Structure formats: C-alpha cells, structure tokens
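Here are my notes for your first reading of this model. Please keep the structure open while you go through the points.

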Amino acid sequence: MSKALRPIGHEDRLSIVDHLDELRSRLIVCLGVLIVAFGICFWQNHALLTVLNRALPHVSSVSGQHGLASIPNRSAKERAALLKTAAAFNTLAAAPGTSTQARLAYTQAAQGITAAANTLPPTAQVQEKPITIGVGEPFTTTITVAAYFALLFTLPVLILEAYGFVIPALNPGERRAAIPLMAIAPALFAVGVAFAYVVVLPPAVHFLQGYNSGSFDVLVQAKAYYTFEIFTMLGIGLAFQLPLALLALHRIGVIDGNTLTKHWRYAVVIIAVIGAAMPGADPVTTGLETLPLVVLFLASIVMLKFADRRAAARALAEANQPFDAGAESPS
C-alpha cells in the first residue's frame, strides 16, 4: 500500500525506497484523476463530440461538393423545385374556367408534390458530421474521444504532480523560482488549448476539407478527424510552455536575454521545426501553430532581459554593501 503524500523539505534525506514510494503515490493520484475524468467525459460524450464538430464547415460552404457530400445541397434544391411545381398546380386549380374534375386532379397533384417536398431538408445549410466505417467504430471512437479529453483536462494536474515530485530536490532559492512556474504552467496550457480550438482549428479544417474538393468526395472519417483536433490542441498547449522552458534554462545559467537576441536565427529555425512537427502538414495549420511560438519567443526575450536587469541590480547592491555592515560595533 502506498503512503499518503506529505510535504517533503529540501533538508529531508529519503532513501531510494522512499522516493519510489512517493513516486508510486503520485502515479496513483494521477491514475485516479484520469479515471474520474474519463468517466465524466464518457458520460458527456455527446457534448464533447458536438464541441469537436463545430470546426467542420457547413456542407454548402465547401465549394465544389460532389458525391455523398453534395446530397444535402441537391436535396434542398429538389425541395424548392417541387414546391414551385405544387404552387403551379394550385394556380391551375384556381384558374377560371377549370372544370371540377380538373380542379380536383390539380389539387391532389399539388398536395402529393407538397408532401414529397416536405420529406426533403428545407435548407442546405446543415452542419456536416464525420462518418464512421464498421460496426464498432462509433463506440470505439467515442471511447477514444473520451480518453483524449480526459488526458487534455487532467494534464494540468499531471504537470503539478510532476512539479511536486521534483521540487523537494531544489534548494530554497530554486524553490522560490519554481513554485510560481507551477501556477503558470497549467494556465499557459489552458490558454494554448483555447487558442488552438478558437483560432487554429476552424481555418485549418476549412482549408484542408475544401482544398481541391472538386476532384474528391469530401467525407471526413470520425477517428482521424477527432485525433487531428485533440492532438492539435494538446500540441499547442504544450508548445505554450516555451517561456517556462526558457526561463528554467535562464535560472540554471544556460542562457540569458543576450543569448536569445544573438542567436534568434537559430531559434526561428527551431520554432519552425516544432511547428512542422505538430499535427497538420498544410501551410495554414503550420503557420497558425508557428505564429504564437514566435510571439512567445519574443515575449521570452523581454522577460529574460528584465530578469537580467534585476539580477544585475541585485549583484550591484550586494557589491556595494559594506563587508562589516552586519558586524556588531565594539563595546
């Protein structure tokens, strides 16, 4: 049985068994949080699927639809044509000089055509839904989406547990620097996920689905589509940790503000590689994923410059402090 987690100080000396026991306890906490989150996500899977489907364009907004993807648009046009035909038959039935037998036939024809038109969708502006192939794919896809969202929702907790395991190894000064990072890391991750969902996914999905659509039957498979969305949000959420990573390197003395300014070309290349490695190989998705990384890199330069100035001012103040300032005057 694992022991309950307790605060561990930097001065505490733990054996390997104690470290493994703490690691096991934190892993159990992470697993428990994941299981609870998965149960909630599976319970609310309809709402989650609706959220993911919002990035899909309306059928009629994708130019050049053909095959199965164009059925809603054609059905709406057929409905409008049938209603016009029914209106023409009603006009003939109401025309002066029409015999009673002809009027009855026109009226019956108009009623039949109207009933047939009412079975068709009234408009082509319907939200597209992804397709599934196979008997079990709706169930397995729902399970997969619930698992992805459980990981997405609990990742801030997992990050906090990772920090909690590492922080006791830090000295008091390092701990003062690391504790604010514990609070900022989940917030940055949440901002990255929101940015991906609101800014990146809609134009990326519209571009990918609408590109050269005149040559294809534009159908979206559910599993591939949901995997693309979830991993895009997850990747951008993790990429938003860039300022924290650079700040950590600054704290241990590897880089400073001048280093980032001097080697900005290499940094841009690295950012471009990160953007290309994230989901979506098209230029729209890659560009939208790379742009915030560039902005975060520039913000990191400003942050490290400010930290350098504070460190220089602190060093100057310590250098100007008299050596005997803390000594007691002789009696």
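1. In this predicted model, F231 is partly exposed, its relative accessible area being 36%. That value falls in the band between buried, under 20%, and exposed, over 50%.

2. F231 has a partner ring. Together with Y148 it makes an aromatic pair of the edge-to-face kind, with 5.4 Å from centre to centre and 80 degrees between the planes. The label follows because planes over 60 degrees apart count as edge-to-face. Y148 is partly exposed too, at 21% relative accessibility.

3. Which helices does this pair connect? Y148 belongs to helix 5 (residues 137-166) and F231 to helix 7 (residues 222-239), so the contact ties together parts that are 83 residues apart in sequence.

4. Another aromatic pair is formed by F195 and F240; this one is tilted, with 5.9 Å centre to centre and 40 degrees between the planes. F195 sits in helix 6 (residues 172-210), while F240 sits in the loop between helix 7 and helix 8 (242-251). The two residues are 45 apart, and their pair links distant parts of the chain.

5. Last, the cysteines. C30 is buried, with a relative accessible area of 14%, and C41 is buried as well, at 3%. How many disulfides does the structure hold? The number is zero. For reference, a disulfide is a covalent bond joining the sulfur atoms of two cysteines.

Notes: Residues numbered from 1 in each chain as written. Predicted model: local features only at pLDDT ≥ 70, side-chain atom pairs only at ≥ 80, totals over all residues. Heavy atoms only, no water. Disulfide = S-S within 2.5 Å. Buried < 20%, exposed > 50% of the residue type's maximum accessible area, 1.4 Å probe, protein only. Phe/Tyr/Trp six-rings, centres within 6.5 Å; stacked < 30°, edge-to-face > 60°. Helix = DSSP H or I, 4+ residues; strand = E, 2+ residues; numbered from the N terminus.
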